[in-house]
Amino acid sequence: MHTFAADTLTLIKVKKMNNRVVITGAGIWSCIGNDLETVRQSLYNGKSGVGLFPERIEYGYRSGLSGVVEQPVITKQMVDRHTRVGMPEHTRYAYMAACQAFNQAGVDDDYLSKNECGCIFGSDSSAKPVIEIYKTMEAEHDTAMLGYGMVFQSMNSTVTMNLSTIFHLRGVNFTVSAACASGSHSIGLGYMMIQQGQQEMVLCGGAQETNYYSMLSFDAIGAFSVRMEQPQKASRPFDRDRDGLVPSGGAAALVLESYDHAVKRGANILAEVVGYGFSGNGAEISKPCDHGCELAMTRALQNADLTPNDIDYINAHATSTPQGDMYEAIAIDRLFNGSNAWISSTKSMTGHECWMAGASEIVYSLIMMKNNFVAPNINYENPDEYSQRLKIATQTIDTRVDTIISNSFGFGGTNSALVLKKIAK
């Protein structure tokens, strides 16, 4: 599988510095569905993917809540055994999402054997393999017992190194580690690479492991909701009674390419990436900042040559934490007050997909854009003093969605915002 002849590869010739960038393929593996149609139904119907895992409480967690993500079965017909042993949980999610994205984009093995495609994913941990290595060494005191695949599983760059190997991707190849903005920054960087003419196509996305090892330190700082009596009501972005986020994960993948390249090969264009904005808070490591949020959104809008009044929908970062939602609400109100943009946080249904979230929420936004609806911010029952000024969708809104901005903010004060625009047929 995925054989190629290196001498047939078409290299990229850098010519333009302002290429249009479009999305031609999307893939998703999440707690609300493992394909675009299932996810569309979940988003439209406000269906939560959150569940309760008693084993987390037994292990020592304060909260047993998490998104329920199906474990993919990857056979030898899909990926050879030698490669599979180096694929941890979140890389397997990413592989499934990437297969969907390439398939929708009409990119097959023959294309990849003859053309350069890059790979940039957001991922900021590979906890389970590291802990398994430690446990083995404590028990055996012999590195020979670790096996061949653990070195590849345990590296932060495991997703991109595996995907680039499996699909023979020979363009840009690296992982973005930027906390909960990782997936968004990966798309922003892919957008810049293509816009500047360095690449014609890049596979971008985000991946997050869901095993309980990966979330221990977040539980330790009291970040998680303990509303365990009603798991699907625990994630409550912007709601006055929110008590913390719900961890989740999976993977999302997007095929980005230059507009001219997509048209030339007859690809179906899903949307155009027209803006990317970023900022750093430069403050406390775990404290959000309204000015940082606002700057990232402002920069994205300026990059897109748009104003707040041009935006139809804001996919908020809002994770259901008291401070994070408050500061984002202040920033959105300051920038979008008086505009017509609907607002919702899809994390109300998915929980917080962490390193994956910035990419998955672009997939969710694409689905809304294609099907002309705004997904609801479920569990938003009691506005607080900051959210009550916002135009939050408490139920599904059937409306035309042509332009969206999606926010992602993370620990360390890393902020990212992306703007997508529908291309008229």
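## A guided tour of the predicted model

Select residues 1-7. Here pLDDT stays under 50. For this stretch, the model has 16 contacts beyond four places in sequence. Keep in mind that everything on screen is a predicted model.

Now colour the whole protein chain by pLDDT. The mean is 95. Of the residues in the chain, 96% reach 70 or more.

Select helix α9, residues 182-195, and helix α15, residues 357-371. Their axes come within 4 Å. They cross at roughly 70 degrees. Angles of 65 to 115 degrees count as roughly perpendicular, so α9 is roughly perpendicular to α15.

Next, show the side chains where the helices meet. From α9, pick Gly183, Ser184 and Ile187. From α15, pick Gly358, Ala359 and Ile362. These residues make the contact between the two helices. What classes of residue does the contact of α9 with α15 have? Three are nonpolar and three are polar. No charged residues take part in the contact of α9 with α15.

Step back to Cys354. This residue sits in the loop between α14 (347-350) and α15. Is Cys354 buried or exposed? Its relative accessibility is 2%, so Cys354 counts as buried; the cut-off for buried is under 20%.

Check the backbone too. Most residues other than glycine have a negative phi. Cys354 has a positive phi, near 50 degrees.

Move to Asn372, in the loop between α15 and β11 (373-374). Asn372 is not a glycine, yet its phi is positive, at about 55 degrees. At 25% relative accessibility, Asn372 counts as partly exposed.

**Last stop: His317**

Select His317. Find it in the loop between β9 (313-315) and α13 (322-336). His317 has 9% relative accessibility, so this residue counts as buried.

Which backbone oxygen does the side chain of His317 reach? The backbone oxygen of Phe409, at 2.9 Å. Draw that distance in the viewer.

Then show what surrounds His317. Leaving aside residues up to four places away in sequence, His317 touches:

- Cys180 and Glu328
- Ser345, Lys347 and His352
- Asn407, Ser408 and Phe409

Terms used: Residues are numbered from 1 along each chain as its sequence is written. This is a predicted model: local features need pLDDT of at least 70, side-chain atom pairs count only at pLDDT 80 or more; totals for chains, interfaces and linings use all residues. Side-chain values use heavy atoms; hydrogens and water are left out. Axes are lines fitted to C-alpha atoms, for helices over the stretch in contact, and angles run from 0 to 180 degrees between N-to-C directions. Angles under 35 degrees count as roughly parallel, over 145 as roughly antiparallel, 65 to 115 as roughly perpendicular and the rest as oblique. Contact means heavy atoms within 4.5 Å. Ala, Val, Leu, Ile, Met, Phe, Trp, Tyr, Cys and Pro count as nonpolar, Asp, Glu, Lys and Arg as charged, and the others, Gly among them, as polar. pLDDT is the predictor's confidence in each residue, from 0 to 100. Buried means under 20% relative accessible area, exposed over 50%, partly exposed in between (1.4 Å probe, protein chains only). A polar contact is a pair of N or O atoms within 3.5 Å; within protein, one must be able to donate a hydrogen and the other to accept it, and residues adjacent in sequence count only if both atoms are side-chain atoms.
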